[in-house]
Amino acid sequence: MSTPKTLTTTTDRSAASAAPPPLDLGIGGMTCASCVSRVERALRKVPGVLDATVNLATESARVAWSPATADGSPDAAAAMDVLLRRAVRNAGYEPRAAGPAEAAEDLSPWAGFQPVGVGLLLSLPLVLPMVLGALPGAWGDFLGQQIMLPAWVQFALATPVQFILGARFYKAGWHALKALAGNMDLLVALGTSAGWGLSVWLWLTAPTDHAGHVPHLYFEASAVVITLVLLGKWLEARAKRQTTSAIRALHALRPEVVHLLTRAGEVDVPVAEVMVSDRLVVRPGERFPVDGTVHEGHTQVDESMLTGEPLPVVRDVGASLTGGSINGDGRIVMAVTAVGAETVLAHIIRLVEDAQAAKAPIQRLVDEVSAIFVPVVLGVALLTLLGWLWVGAGMEVALIHAVAVLVIACPCALGLATPAAIMAGTGVAARHGILIKDAQALELAHKVDTVAFDKTGTLTVGRPRLTAFEVAKGQDESALMVAVAAVQSGSEHPLARAVVAAAQERALALPPPDAVRAVPGRGTEGEVNGHSYLVGSLRWMEELGVDLGPLAARAQALQAEGATVSAVAQRTGPAQGPGASLEVRALMAFGDEPKPGAREALAMLKARGIRTVMISGDNRGAAEAMARRLGLSPEAGEVMAEVLPGDKATAVAALQQGHDGRRHHVAMVGDGVNDAPALAAADVGMAMGNGTDVAMHAAGITLMRGDPKLVAAALEISHRTVMKIRQNLFWAFAYNVAGIPLAAFGYLSPVVAGAAMALSSVSVMANALLLKRWRM
């Protein structure tokens with residue numbers, strides 16, 4: 001297999017100055033979807049901010065901005081970063097550095113459990129009498145009364161939980177209240193404070209009976225609710241660390257120290273000090289720290305973490321090396337070609353982070369709901385209080401039911417439903433060599449019902465060879481081969497490279513060409529030794545009025561055999577004017593081979609009910625012959641031949657319209673510069689990782705190895721991710737729709753409501769994490 005090329009892209013300078021790179025910011029203290037909305041509003045109010053998106057699952061924000069000055073200089077970016085941090089802090093949250101870097105202790109499974117443990121220890125004595133008192137019969141009543149704690153002990157146990165462990169809820173709730181907004185913290189703070197305050201009021205005002213017992217207090221409800229919410233948040237944070245494991249695993253691929261080769265020998269230096277053109281020694285079993293080429297030695301390289309390809313690949317002198325891959329059994333010296341943010345690994349990490357930070361289109365609905373969620377819940381709680389008072393239940397009962405409404409409402413489940421699934425889906429895709437650039441591509445891919453493939457380099461090996469070189473009568477074959485190869489020597493087209501390779505095999509010396517001009521989609525024109533030649537497709541020759549003469553029949557025969565046929569013409573008169581004429585000098589036939597597994601990949605898509613189409617610039621005969629080898633049916637319209645590069649986007653648009661009057665969702669798979677417009681025009685663009693940077697920039701999904709089977713895998717991951725999003729949203733909405741009325745009508749106690757709220761967000765994260773079990 002071929003090594004994935006460097007994925008960096010070159011952006012137009014004027015575009016870069018007009019729109020500097022977005023700024024990323026970590027945000028601490030967010031607990032629910034309402035927090036997300038509030039932070040987004042605060043960031044968008046900062047002068048110069050064009051847009052801001054906040055992700056609850058990654059606890060991060062991405063801000064598009066336009067500097068006041070004409071450039072996006074580091075000074076302007078630093079100033080904007082300060083303004084953004086201030087806006088986040090003023091909104092009541094903690095600005096942090098962006099990125100998944102965490103201390104080793106923070107990655108422990110029990111990190112952050114201390115407040116939960118203290119809450120459990122203090123709450124257990126409060127809840128135990130209630131549990132035992134619920135046992136059936138007189139035995140339960142007896143135990144409940146015997147171990148019921150005195151009121152002052154209940155107060156002593158519940159108060160630290162309420163005001164020390166629960167301080168975070170008061171702090172965040174107060175900031176929300178100052179901003180005339182609401183969030184989960186405000187609901188918890190109001191609900192538990194009401195329960196704690198009611199208990200204190202009953203304790204101080206209610207008379208004791210003859211045995212010295214006070215009426216039932218609700219200290220256990222407030223303490224247990226806070227403890228359960230803390231437990232739920234701890235479980236949620238633990239699950240978040242698992243969803244970001246893909247990014248942490250990618251960061252871990254970079255070694256901290258490298259062996260720099262100097263005149264004095266090997267010197268160990270930090271990887272940050274490595275520069276382009278340095279020579280590094282990589283020993284057997286070590287990871288390549290940066291991108292480069294083999295300068296000395298021979299080895300095998302394990303690239304499975306980057307491409308998903310399990311078999312090691314051989315690397316000799318001059319072969320490319322990708323940072324993060326593992327050296328095999330050979331000691332080599334590598335020449336550095338890219339460092340830092342320009343390496344393939346750094347770009348992969350950026351793509352995964354971008355996808356996980358982005359919002360899926362379906363998230364807009366959730367944002368609209370969460371914006372009014374907390375005010376609605378507060379209104380329902382007030383109506384619950386007034387309703388129970390109106391029916392004569394008394395303040396104690398009415399307040400407890402209102403508390404249950406406040407506690408059970410869970411905007412955090414709504415806020416986590418979509419980003420948790422997207423993080424898990426993009427993470428599992430990255431581990432299998434599929435890089436998803438944005439959440440929109442992930443969400444749309446499951447709708448794809450048609451996949452269009454570019455032929456050369458996507459379904460075929462992309463290394464065509466010259467199979468026939470037939471000259472017109474009276475022509476010198478060797479001299480003509482020299483002239484044609486010289487004209488083609490400056491072209492990167494696969495057919496041009498095949499001609500040059502054939503000339504090199506014959507040990508022919510190529511003179512430098514003059515006035516070489518490429519004609520997109522048609523061929524190349526140039527001068528060799530004073531003679532002007534045109535090398536290109538038969539269509540071009542037809543457009544120019546070139547008569548193939550005796551070679552016409554042979555051209556048809558070669559096309560019928562499935563060969564790609566080009567012609568060579570020579571100008572026999574002036575370049576322009578009435579005396580100009582072109583005469584055919586030779587025919588060239590090229591053959592290519594299907595990629596291993598390409599036929600099976602197309603069969604997998606067809607088995608899923610997806611229409612597959614091959615788009616080719618070849619003549620119809622050659623395209624249809626290759627299509628049949630791949631299992632495609634030209635008769636069923638699965639081949640689009642003689643499509644010029646500039647017309648591929650039009651071909652994609654035609655597939656989207658279809659012939660049945662329905663709008664079809666089309667994925668385009670390609671690898672070349674000429675595929676970029678079609679990749680951008682398709683609903684979902686997929687670029688082969690062994691292709692060009694331009695193609696990968698235009699595509700929403702990059703397949704890190706040139707295996708067509710990854711197309712079906714990408715669609716399957718999209719389908720499963722969208723299914724998880726829908727499941728999460730259904731349960732989050734259903735939980736609130738069912739739970740709030742049950743609490744309002746008195747069927748749920750505050751303790752049960754608190755447990756249900758904690759369970760809802762944890763279940764959303766756990767459901768999303770099931771995606772990690774997916775395998776190809």
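This report describes the predicted model of one protein chain, from its overall make-up down to single residues.

## Overall make-up

The protein chain holds 28 helices and 26 strands. Of its 776 residues, 51% are buried. Among the contacts in the chain with a separation of 6 or more, 70% are between residues 24 or more positions apart.

## An antiparallel sheet

Strands of a sheet pair through backbone hydrogen bonds, either parallel or antiparallel.

Strand 8 (residues 291-296) pairs with strand 11 in the antiparallel sense, over 2 bridges. Leu321 in strand 11 is the bridge partner of Gly292.

Strand 24 (residues 666-670) runs parallel to strand 25 and is joined to it by 4 bridges. In this pairing, Met668 has Gly685 of strand 25 as its bridge partner. Strand 26 (residues 701-703) pairs with strand 25 over 3 bridges, in the parallel sense. Here the bridge partner of Met686 is Ile701 in strand 26.

## Two helices side by side

Helix 14 (residues 395-408) and helix 28 (residues 750-769) have axes that come within 8 Å and cross at roughly 5°. Angles under 35 degrees count as roughly parallel, and the two helices are therefore roughly parallel to each other. On helix 14, the contact is made by Ile400, Val403, Ala404, Val407 and Ile408. On helix 28, it is made by Pro750, Ala753, Gly754, Ala756 and Met757. Sorted by class, this contact of helix 14 with helix 28 has 9 nonpolar residues, 1 polar residue and no charged residues.

Helix 28 also contains Asn767. Asn767 has a relative accessibility of 15% and therefore counts as buried. Not counting residues up to four places away in sequence, Asn767 touches Lys724, Gln727 and Asn728.

## Aromatic pairs

The model has 7 aromatic pairs, counting rings whose centres lie within 6.5 Å. In one of them, the ring centres of Phe113 and Trp234 are 4.8 Å apart and the planes stand at 65°, so the pair is edge-to-face. Phe113 lies in the loop between strand 4 (94-96) and helix 4 (114-133), whereas Trp234 lies in helix 9 (residues 219-243). The pair therefore ties together parts that are 121 residues apart in sequence. Trp234 counts as buried because its relative accessibility is 7%.

Phe155 and Phe219 form another edge-to-face pair, with 6.1 Å from centre to centre and 75° between the planes. Phe155 belongs to helix 6 (residues 151-165) and Phe219 to helix 9, so this pair ties together parts that are 64 residues apart in sequence. How do the two residues stand in terms of burial? Phe155 has 29% relative accessibility and so counts as partly exposed. Phe219 has 0% and so counts as buried. Phe155 and Phe219 also belong to one aromatic cluster, together with Phe163, Tyr170, Trp196 and Trp203.

## A residue in helix 3

Ala77 is found in helix 3 (residues 74-90). Ala77 and Pro22 are 55 residues apart in sequence, and their C-alpha atoms are 9.2 Å apart in space. Leaving aside neighbours within four places in sequence, Ala77 is in contact with Leu23 and Trp65.

Methods:
Residues numbered from 1 in each chain as written. Predicted model: local features only at pLDDT ≥ 70, side-chain atom pairs only at ≥ 80, totals over all residues. Heavy atoms only, no water. Axes fitted to C-alpha atoms, helices over the stretch in contact; angles between N-to-C directions. Parallel < 35°, antiparallel > 145°, perpendicular 65-115°, else oblique. Contact = heavy atoms within 4.5 Å. Nonpolar A, V, L, I, M, F, W, Y, C, P; charged D, E, K, R; others polar. Phe/Tyr/Trp six-rings, centres within 6.5 Å; stacked < 30°, edge-to-face > 60°. Buried < 20%, exposed > 50% of the residue type's maximum accessible area, 1.4 Å probe, protein only. Pairing = 2+ DSSP bridges.
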